[in-house]
Every structure is written in structure tokens, then in C-alpha cells.
Amino acid sequence: MTSVLVKDLTLKFGALTVLDTLNIDIPEGEFLVLLGASGCGKSTLLNCIAGLLDVTDGEIHINDRNVTWAEPSERGIGMVFQSYALYPQMTVAGNLSFGLRNARMPKDEIAARVARAAEVLQIEPLLDRKPAALSGGQRQRVAIGRALVRDVDVFLFDEPLSNLDAKLRADLRVEIKRLHHNLKNTMIYVTHDQVEAMTLADRIAIMKGGVIQQLDTPTEIYNRPINKYVAGFIGSPEINFFEGRIEGNHFVTDDLNIPLAEYAFQSGKLDRPAWFGIRPEHILSGDMARDLPFSQEVEIEIVEPMGSDTLAWTTLGGHPLRIRMDGQAAVASGTRLLVGFDPARGSFFDAASELRL
Amino acid sequence: MVDASQPRGPKPRKRLSRGNIMLYGTLIVVAMYYALPLYVMIVTSLKGMPEIRMGNVFSPPVEITFQPWVKAWSEACTGINCDGLSRGFWNSVQILVPSVFLSIIIASINGYALANWRFKGADVFFTILILGAFIPYQVMLYPIVIILREMGLYGSLWGLVLVHTVFGMPILTLLFRNYFTAIPEELFKAARVDGAGFWGIYFRIMLPMSLPIFVVAMILQVTGIWNDFLFGVIYTRPEIYPMTVQLNNIVNSVQGVKEYNVNMAATLLTGLVPLTIYFVSGKLFVRGIAAGAVKG
């Protein structure tokens with residue numbers, strides 16, 4: 001069953017098109033992440049779904065009901081904001097119950113719901129405190145609770161973890177995932193952090209310039225990016241790009257001649273100018289590189305040990321190359337090393353359209 | 001081993017450095033410059049007329065008398081009325097209270113609507129309102145006389161209340177709009193998602209967060225309206241003249257002896273209300289601003 005349906009959604013501010021004919025179909029219980037650099041329109045889209053912004057054209061349906069003209073409170077949504085947006089003059093209990101009181105719910109029902117939400121989020125001891133007396137993580141929990149008590153169909157998150165420090169962010173990320181696992185509500189989550197997107201999402205929508213570039217599962221987006229922008233946006237450290245030409249069974253640059261091997265082209269193989277992208281973790285080194293379709297000896301220039309893995313910088317045929325190696329790899333700058341990869345694990349993009357080949 | 005010649009611990013500070021002497025010297029001179037006239041007024045208002053005629057304005061009273069204060073409050077004559085400033089005081093109160101409340105209530109709703117509910121033509125509305133703040137009052141005096149006459153309010157207290165409310169609008173609206181604009185937009189969005197409407201958000205989210213700006217607006221309006229002379233003298237009749245107009249009539253009366261002590265007492269009495277407001281709410285005002293500055 002479809003939970004949220006966005007149909008030909010367009011939003012213009014004067015002459016500026018912020019969202020351009022978007023179409024998204026979100027099944028019930030899905031965790032959808034809207035991912036993109038700042039200014040791509042992801043938060044704007046979320047605000048449209050929430051009803052905080054009027055759309056220029058198109059429709060929004062929630063649970064098979066056309067809510068395009070409905071007030072935010074009538075849409076069956078709850079929203080969590082980046083700045084928490086807790087009402088500073090109310091206690092935690094007051095914050096949680098504000099929406100219910102607006103809906104004129106009976107007092108004992110409100111008390112029961114607040115108690116249940118506080119239990120789920122483990123904020124019971126904080127109910128009498130004011131937001132100013134809470135830590136960042138506690139505040140964000142209360143903000144989630146505010147959506148929880150209203151028993152909504154769809155949760156909307158607008159960069160909820162961006163104001164937290166790194167460790168707390170990782171903790172709360174898991175908590176949100178657990179919450180989704182238990183509640184099984186539809187959730188739409190806006191972020192610019194690809195780690196959050198990859199770890200939380202059932203599906204990711206990557207946006208740029210008010211247009212959805214690719215809407216797919218995290219694995220699919222990671223392994224088979226639909227265009228050069230998506231390939232470069234997803235993955236850290238960034239994918240390595242080579243500019244050259246596809247000629248027969250080889251990809252040729254000034255100094256390199258890479259065999260195409262088993263690469264699965266989407267639409268026939270044609271000689272043409274193209275980009276080749278290969279992720280740093282798909283480049284192997286030493287003995288493991290010996291039997292790969294392409295291998296060459298390079299000199300390591302800079303090594304960045306990170307504990308869990310090691311990042312090495314080198315040059316391949318005049319192109320800078322990032323390699324991700326084992327955390328304990330004993331390489332020093334200046335070492336000569338055999339590196340290689342299987343082009344079938346990389347991606348080819350047309351030089352002009354930048355679309356996947 | 002501690003080497004005494006090496007810097008260690010708190011840095012020693014010189015209390016009587018050249019900079020400090022300059023600083024405190026200047027401050028003392030400036031403070032005296034402002035305090036001296038007040039001192040002369042208080043001293044003079046407590047002297048009898050024979051003592052004043054001796055001519056030394058700075059000398060403290062030999063014989064303290066409160067008679068000038070009593071006379072200024074309840075006996076001094078203006079025109080045909082001889083009940084002192086008390087009549088003007090109550091007139092002023094009757095003008096002040098509704099004017100302050102009306103103007104602050106309306107301006108805060110204006111500012112809230114302009115800051116949070118971007119209605120069509122909001123920018124034009126705001127521009128016109130702000131332009132109003134730059135037009136000299138004198139230009140509008142006569143047109144307002146005509147408007148009040150047509151409304152049947154000319155010469156009444158409510159006419160003056162209306163004038164004060166309207167003239168307070170531009171600057172107060174600007175004040176409130178800027179304050180509400182600084183409140184994070186996400187708070188407003190969260191309240192909308194929680195189902196609060198225009199008035200719900202205003203009364204339950206915005207108002208409780210805005211005490212400091214209400215105090216600022218109140219100080220502005222109370223002092224402005226209480227000290228107003230021009231509108232009071234033009235739009236009211238002698239029986240309902242505000243205190244400032246009556247003060248002027250007492251001080252400038254040309255009959256008989258100039259009673260400096262009564263004049264001084266009358267002036268001090270008139271200034272008492274804004275002074276009290278400053279003393280009482282000034283502290284609250286500073287505390288409010290400071291509390292607002294510390295972000296949670």
C-alpha cells in the first residue's frame with residue numbers, strides 16, 4: 001500500500017524553479033532518505049510534504065488521501081527539526097502534549113500517551129524539566145517524542161542529527177533505526193550525510209538542483225550509480241575518475257590502456273569519449289592485484305592511516321589515484337607497489353551526458 | 001624553586017594607572033553635569049520663597065518645607081481651575097493606560113503577522129508603515145483635527161488615545177517584527193505541525209517568549225505618551241489637559257510672583273511617572289535582554 005505519493009510536484013519562487021516535477025511513490029513502512037548537497041531542494045520537498053510550503057503545481061497524497069491543500073496538522077504527519085524546535089517555556093511533558101491539547105484530546109488520554117512515548121524514548125525522568133536543562137541528545141529525543149505521541153502515519157525528519165557531536169550522532173542514528181524497526185511507520189528523512197543515508201535508508205533519493213537524480217536502494221546506488229554526479233557524491237573517500245575513450249575492448253587514456261573485461265554495459269558498447277570511475281576500496285594491491293584484468297606498479301606518495309583502514313594516495317598514468325587498504329597495511333610513502341582492479345566493478349559514464357553506460 | 005622575577009600566577013593590576021584616572025575623572029565630570037540640575041531642582045523645591053530670594057541656588061535649604069509640593073499638587077491655579085496638577089495627573093493616567101495597552105497589543109499582532117505569516121502585499125504594507133515613522137508629526141496635525149472632528153472624537157480623551165495609538169504604530173511594529181523574526185522559524189513550523197493556528201501560536205508560543213520586547217515597548221510608550229505636549233494641547237480641551245500641558249500653564253502663568261519652589265515641585269511631580277517606570281522596569285528590561293542572549 002502506498003503511504004506517501006508525490007505526483008508531478010513543482011515549486012517555484014518567482015522565476016526560480018526549486019522543485020521540478022518530482023514523482024515519488026513511498027510504500028507503507030519504508031524508510032526513505034532524501035540526500036543531497038545544500039540547496040538541492042531536499043528540505044524544501046520535506047516542507048511541501050509537511051504542508052509548511054504551498055506547492056506551485058502537482059499533488060501530494062498521504063494514505064490515499066489528497067492532502068495538497070490540507071493544513072500540516074491534518075496530514076497525519078509528525079516532524080522533527082534540526083534545531084529541535086522545542087517550546088522553551090514549556091516543560092518536556094508540556095512539549096509532548098502541546099499537539100494533543102490543540103486537538104482537544106481528553107486529559108487522561110493525553111497523560112497515557114505522554115507516558116508511553118516517554119517510556120519508548122527513555123525520557124521519563126526528564127518530563128518536568130524545561131528544554132534549557134536538557135542535553136542535545138535528550139532534546140532531540142523529546143522532539144522525536146512530540147511526533148510519537150500524536151500517533152502519526154508518517155514521520156518527517158529534517159536533518160535531525162546535524163546539531164549533535166559525532167559520537168552522539170552515531171548513537172541516535174542507531175536509535176532512530178531501532179525506532180523504525182519497532183514502529184514500522186513510514187519515515188522520510190532529510191540529510192546531507194551519506195553515512196546516515198546509507199545506514200538508515202530502505203531507499204535513497206539523491207537530489208540535485210530540484211531534480212531527483214536516482215531513487216534506489218543504498219547498495220544499488222553505491223554499486224551502480226546512474227550518473228557521474230551520483231557516483232562522485234556517494235562514497236567516502238571519493239571515487240577515482242579517469243577521462244578517456246572507449247575504443248573496442250579497451251578504455252584508453254593518454255597513458256593507460258584498461259581492458260573492459262566483463263563490464264556489463266546497459267545499452268550496447270560503442271566507441272565514444274567516456275569517464276571511468278573506480279572506488280578506492282575496489283583497488284587491490286600486492287599479490288591480490290596480480291591476477292586482475294588490469295594491474296600496474298605505482299609509487300605510493302602519501303599514506304593516511306585511520307586505524308580501521310589506510311588511505312594511500314598515488315598516481316596512475318598521470319591521474320591521481322586513491323586506494324583504500326587494510327588498516328594494518330604496512331606501506332610507507334615512497335614504496336613501490338603493484339595495484340590493480342577489475343573494471344567490471346567500476347562504472348563507465350558518457351562524456352557528454354554523464355549517464356551510466 | 002620559584003624565581004621571583006619570572007611572571008607566575010595572576011597578572012598584577014595597577015589600580016591608579018593613568019588610564020583609570022582619566023576614565024574615572026571623565027565619568028565623574030559627566031555624572032555631575034547631569035546630576036547638578038536635578039540637585040538644584042530638589043533643593044529649590046524644598047525652600048520657602050524668602051530663602052530663594054537670597055539667591056544662592058546651590059545651598060541646601062536651611063528650613064525644609066513641603067508646602068511647595070502640596071501647593072503644586074492640589075492648589076496651584078491654571079486658568080479658572082485651582083486644584084493644582086492633580087487634575088492633570090488623572091487626565092494623563094486616563095490617556096496613558098488605554099493608549100499604551102492598545103498600541104502594544106495591536107503592534108505586537110502586526111509584528112507577529114509580518115514576521116511569521118507572509119501574506120500577500122506584506123512588504124508593501126511594511127514599507128508604508130515604516131515610511132510613516134519618518135514623516136514629521138507637524139505635517140499631520142491639521143488633517144488629524146479634521147478626521148477627529150468628523151469622527152466626533154475631537155476634544156475628547158478617546159480622540160487623543162486614538163492619536164497616540166496610531167502614532168506609536170510604525171516604530172512599535174518594527175520593534176516587534178524584528179524581535180519575532182529573530183525567533184527560530186522551526187519553532188513556528190513545529191507549532192503548525194502540532195495544530196496550533198494564528199492565535200494559538202501567538203498566545204501560547206510567541207507571547208511567553210517575548211517578555212523583554214514587551215517591556216521595551218512599554219517603556220517607549222509610557223515615556224513617549226506621558227511626556228507628550230503637542231498632541232495633548234491640540235486635541236483636548238482645558239478640563240482634560242494632560243499633566244504636561246498643565247505644568248506648562250502653571251510655570252508660564254504671568255500673574256503675581258514667580259514661585260520657583262512650586263514650579264520646581266510641579267516639574268518633579270510630572271517627571272515622576274517615567275522615572276518610576278525606568279527604575280522599576282529598567283532592571284527587568286536588562287535582565288530580559290540578558291536572558292534572551294543566552295541561547296539554550
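This is a predicted model: local features need pLDDT of at least 70, side-chain atom pairs count only at pLDDT 80 or more; totals for chains, interfaces and linings use all residues.

Trainee: How many residues does the contact take from chain A and from chain B?
Mentor: Two residues are in contact if their C-beta atoms, placed from the backbone, lie within 7 Å. Here the contact takes 19 residues from chain A and 15 residues from chain B. On the chain A side, β6 (77-80) and α2 (92-102) each supply at least two residues. Helices (H or I, at least four residues) and strands (E, at least two) are DSSP runs, numbered from the N terminus.

Trainee: How do β1 and β2 of chain A pair?
Mentor: Strands pair if DSSP finds at least two bridges between them. In chain A, β1 (residues 2-13) and β2 (residues 16-27) run antiparallel over 8 bridges; A:Leu5, for one, has A:Asp25 as its bridge partner in β2(A). The two strands form a hairpin with 2 residues between them, and A:Gly14 in the turn has a positive phi of about 65 degrees.

Trainee: Which domains is chain B divided into?
Mentor: Domain bounds come from an automatic or database domain assignment. Chain B has domain 1 (18-65) and domain 2 (86-293), with 33 Å between their centres, taken over C-alpha atoms. In chain B, 7 residues of domain 1 are in contact with 7 residues of domain 2.

Key. Residues are numbered from 1 along each chain as its sequence is written. Chains are lettered from A and ligands numbered from 1 in the order in which they are written.
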